[in-house]
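Me: I'd like to learn how to read a sheet in a protein model. Can we go through one together?

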Amino acid sequence: MRRLLHLLILGVLSIPAAHAEQSELPADVRSVFEVREIPADSLSVYIENVETGETLLQWLDQEPRNPASTIKLLTTLVALDVLGPAYRWKTEVYAQGELNGDKLAGDLVLKGYGDPFLVTERVWQLLRNIRRTGIREIAGDLLIDNSYFDVGDYDPAAFDRQPLRAYNVAPYALLMNFKVVRYWFEPDHASDAVSVIVDPPLDNLEVENRLGLRQGRCRGFQRGITITANGPVDKVTFSGNFPNGCKRYAMDRTALSHNEFVYGLFKTLWNESGGVFDGAWNNVVVDAEAEPLLSFESLPLADMIARVNKHSNNVMARQLLYTLSAEVLGGPGTEAGGRQVIADWLADKELEPYTLAIENGAGLSREARINAADLGALLSFAWRQPYMPEYAALMALTGLDGTLSRRVRDTELVGQAHLKTGSLDHVTAIAGYVQAKSGRRYAVVALQNYTDVHRGPGEELQQALLRWVYEQ
């Protein structure tokens, strides 16, 4: 083994700040450090010409850093290589009971296999497929088989004490709409009140509206809205004063348990579509010999990875990690199993990083670590693979879409780079491919860890670095 791989470490090997191969940072990058009074040793950079293998710039590239969401590039690369860009998840439907006319005299069973994008519109399609089998009325209950993943004990508040935030949702084998509802707030000037609309509407979610209306512009944290929820999050209360200058405001938050969300969404959509269902829900494990009534396929993996990398979707990245575990090692999928699959893949490709801590594969972690040179090596490896066009295209395009849609606008950099961004408190990062003005293509990695660097200085530095690469 060329290097020593560490997974889920709490401490990492210390690399000297200076080393023989260190380059000099471009002048514009040094200028940002000076103006912002940020130490240069807070940054690691690795830039390589992917066509020649020549290193263009190295700066503390062996220093382990927190990569934030740029670690998704590793998770998605392994998924592409192991599962293939055309891989599809399935959701199976079973009928337990006789079908008398259009009435199922028994229970309906849903078994999930980890589809990361079973959003409301896709659930509508799933329900239409069930209706095509002839079922209109379900006399029994909805039974849920979520046994394909084993998440164990999961605390959604553990990362930042924000359990209702969408990025803290736990992986789940039958994940629906990311377990998230969107609340729309609109002022009603006639009644001096605020209306709250829930999308998707869930029969088993209670919303208490205590909001008042105040004079003011549409600004402020959460527009003055306070949200509180009970333990199982089956009731949310909105209080505070909403500014009348807002025409409409949206807030995405998690709701219910996974099983209750599946039940609530299924029941609501089934009855809205003209079906009849008034049963309860329960957990089951489907007999391995049972034949499904139908199997509903997901969008292909390449489409999923575009959503993971362009929009930095954390729960989808975690679904990928659990899927790798289940597909390669056998179900149920686990986080530890996903890490093992990635470790084995890196060893097989002779890409073992000197230091690596991936934790959940999404970058939502204080312990995740990789160095810039090793992340650059992964990008160079991907460039030589047959799925390279898909891999590059699934990153955000500078100034045009995803997490880069609002950056480098009105500059020559628009459309010139496919990059994955990463940001946590005191962490900022970019990694991906840049096409220079000369036509040369470079793998670019910049990882920075420093107090408040996420509040603007990190993006300034990245833009200065990207401009320099573009001129090469």
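Reply: Strands (E, at least two residues) and helices (H or I, at least four) are DSSP runs, numbered from the N terminus, and two strands pair if DSSP finds at least two bridges between them. This is a predicted model, where local features need pLDDT of at least 70, side-chain atom pairs count only at pLDDT 80 or more, and totals for chains, interfaces and linings use all residues. Residues are numbered from 1 along each chain as its sequence is written, and side-chain values use heavy atoms, leaving out hydrogens and water.

Me: In what order do the three strands of the open sheet come?

Reply: Strands of a sheet pair through backbone hydrogen bonds, parallel or antiparallel. Here the order is 8-7-12, with antiparallel pairing. Strand 8 (193–199) and strand 12 (249–254) have a single partner strand each, so one side of each lacks a neighbour in the sheet.

Me: How many bridges join strand 7 and strand 12?

Reply: Six: strand 7 (residues 180–188) pairs with strand 12 in the antiparallel sense over those bridges. Look for Y183, which stands opposite M251 in strand 12.

Me: And how many helices and strands does the protein have?

Reply: Ten helices and 19 strands.

Me: How much of the protein is buried?

Reply: Buried means under 20% relative accessible area, exposed over 50%, and partly exposed in between (1.4 Å probe, protein chains only). Of the 472 residues, 53% are buried.

Me: What does the C-alpha trace span along its principal axes?

Reply: About 75 × 60 × 40 Å.
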